[in-house]
Amino acid sequence: MGLNLAAVGRLAPGQPDHATAVIDRAWQRGLRLFDTAPQYGDGSAERHTGLALATRPRDDFVLTTKVGQHIAAGSAYLWLGEPTTADDDQQLDFTYDGVHRSLEQSMRRLGTDRLDVVHLHDPVRRADEALRGGYKALVQLRAAGTIGAISASTDHVGLLAEYATIGRRGNQHDPGFDCFLIAGRYTLLDQSGLDLLLPRCAAWGLGVMAAGVLHHGLLTGATAPNQPAYVRARAEAIRRVCDLHGVPVRAAALQFPLGHPAVATVLVGARSLQQLDADIAMFNHPIPAALWADLKQRNLIEQRSPVPQ
């Protein structure tokens with residue numbers, strides 16, 4: 001399990017001590033993967049992550065961030081000279097120079113000179129630019145040892161499946177991506193990543209980080225007015241089956257993605273110590289094989305989905 005810092009970013013700068021406390025608790029509970037981005041709290045998540053991890057041995061944890069989107073104008077964590085704009089589309093910058101600038105600023109906020117994984121952050125609207133510019137910048141930085149692995153983070157499985165083929169088309173000069181972060185597309189509610197992306201990742205040794213596994217609380221009963229009725233009904237049906245087996249749906253949702261051999265970790269976000277402790281407890285909650293079998297029998301998860309053992 002890894003900690004996604006989006007929720008922590010929303011706590012700071014108003015609650016900096018609390019934000020640091022969440023990261024400290026994650027470390028105490030054994031989490032060693034910390035996934036952040038410039039946009040999480042307009043730079044504050046990176047800043048507080050760096051402060052919280054400053055005294056930890058650098059080789060003892062995995063630190064990831066994202067590139068391709070500027071942080072918003074007016075942030076308390078802007079560094080002198082950082083370009084910002086209030087226009088969402090203009091905040092996207094996957095160019096070669098833009099990615100270099102973004103990483104330089106992120107590493108300053110994080111207080112580090114190297115990153116373990118860097119994600120192209122939802123490059124769907126600039127997919128070609130991301131490959132022509134940002135990806136090439138990351139390849140050079142990986143070769144120099146500044147970053148360890150190249151990834152892309154999005155909920156568009158088709159784009160990630162296409163990115164997965166890079167370096168596997170006979171081009172010996174392009175090693176391709178190392179891993180991906182897939183948001184909400186290999187979960188207890190949505191297994192659309194199973195069709196093309198995950199088989200390619202499994203076959204080619206590309207690790208997958210599964211995020212958004214609770215669908216913003218939809219699986220656990222949160223109101224979701226923007227979701228189609230059939231999606232809400234499916235979530236309710238999954239909850240009922242989990243109840244029949246005495247398993248909290250949160251536990252099933254957190255553990256399900258790890259049944260697939262391509263999925264290396266599940267990312268969770270927490271705004272409080274209590275929420276983090278609860279997620280860790282659910283991640284370790286025993287789940288009988290009969291639950292997975294029942295969900296398949298009722299066609300609530302794909303029959304071909306591998307399940308945790």
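This is a predicted model: local features need pLDDT of at least 70, side-chain atom pairs count only at pLDDT 80 or more; totals for chains, interfaces and linings use all residues.
**Entry 1: the barrel**

I began with the strands. Eight of them close into a barrel, and the order runs S1-S2-S3-S4-S5-S6-S7-S8. The pairing is parallel. I then looked up the twist, which averages 25° from one strand to the next.

Next I followed some of the pairings. Strand S4 (residues 115-121) and strand S5 (residues 147-154) run parallel and are joined by six bridges. If you want a place to look, Val-117 stands opposite Ala-149 in S5. On this part of the sheet I found helix H5 (residues 127-144), which packs there and touches strand S3 (62-67), S4 and S5. The direction of H5 makes about 155° with that of S5.

I moved on to S6. S5 and S6 run parallel and are joined by two bridges, and here Ser-153 stands opposite Leu-181 in S6. On to strand S7 (residues 207-211): S6 pairs with S7 over five bridges, again in the parallel sense.

**Entry 2: the cores**

Which residues touch the most other members of the largest nonpolar core? I listed Phe-34, Leu-120, Leu-138, Tyr-163, Phe-180 and Leu-188, out of 95 residues in that core. H5 gives the largest share of this core, seven residues. There is also a second, separate core of eight residues, with Leu-33, Cys-179, Met-209 and Ala-211 among them.

**Entry 3: helix H6**

I wanted to know how H6 sits in the fold. Six of its eight residues are buried, so H6 is largely enclosed by the rest of the structure. I wrote them down: Val-157, Leu-159, Leu-160, Ala-161, Tyr-163 and Ala-164. What do these buried residues pack against? Their partners are S4, H5, S5, S6 and helix H7 (197-204).

**Entry 4: Tyr-163 and its neighbours**

Tyr-163 is buried, with a relative accessible area of 2%. Leaving out residues up to four places away in sequence, I found that Tyr-163 touches Leu-120, Pro-123, Ala-127, Ala-130, Leu-131, Ala-152, Phe-177 and Phe-180.

I then turned to the rings. The structure holds eight aromatic pairs. In one of them, Tyr-163 and Phe-177 have ring centres 5.0 Å apart and planes at 10°; planes under 30 degrees apart count as stacked, so this pair is stacked. Where do the two partners lie? Tyr-163 is in helix H6 (residues 157-164) and Phe-177 is in the loop between H6 and strand S6 (179-183), so the pair ties together parts that are 14 residues apart in sequence. Phe-177 is buried as well, at a relative accessible area of 1%.

I also checked for a wider grouping. Tyr-135, Tyr-163, Phe-177 and Phe-180 form one aromatic cluster.

**Entry 5: a charge over a ring**

While on aromatics, I looked up Trp-27. Arg-32 lies over the face of Trp-27, at 3.7 Å from the ring centre.

**Entry 6: positive phi values**

Here I noted two residues other than glycine with a positive phi. For His-215, phi is near 55°. His-215 is found in the loop between S7 and helix H8 (229-244). Is His-215 buried or exposed? Its relative accessibility is 16%, and the cut-off for buried is under 20%, so His-215 counts as buried.

For Asn-299, phi is near 60°. Asn-299 is found in the segment after H11. Asn-299 is exposed, with a relative accessible area of 51%; the cut-off for exposed is over 50%.

**Entry 7: Gln-309**

My last stop was Gln-309, which lies in the segment after helix H11 (289-297). Gln-309 is exposed, with a relative accessible area of 93%. I also looked up how far Gln-309 is from Asp-17: the two are 292 residues apart along the chain, and their C-alpha atoms are separated by 39 Å.

Methods
Residues are numbered from 1 along each chain as its sequence is written. Side-chain values use heavy atoms; hydrogens and water are left out. Rings of Phe, Tyr and Trp (its six-membered ring) pair if their centres lie within 6.5 Å; planes under 30 degrees apart count as stacked, over 60 as edge-to-face and the rest as tilted. Helices (H or I, at least four residues) and strands (E, at least two) are DSSP runs, numbered from the N terminus. Buried means under 20% relative accessible area, exposed over 50%, partly exposed in between (1.4 Å probe, protein chains only). A charge sits over a ring if NZ of Lys or CZ of Arg is within 6 Å of the ring centre and within 35 degrees of the ring normal. Two strands pair if DSSP finds at least two bridges between them. Axes are lines fitted to C-alpha atoms, for helices over the stretch in contact, and angles run from 0 to 180 degrees between N-to-C directions. Contact means heavy atoms within 4.5 Å. A nonpolar core is a set of buried Ala, Val, Leu, Ile, Met, Phe, Trp, Tyr and Cys residues joined through side-chain atoms within 4.5 Å.
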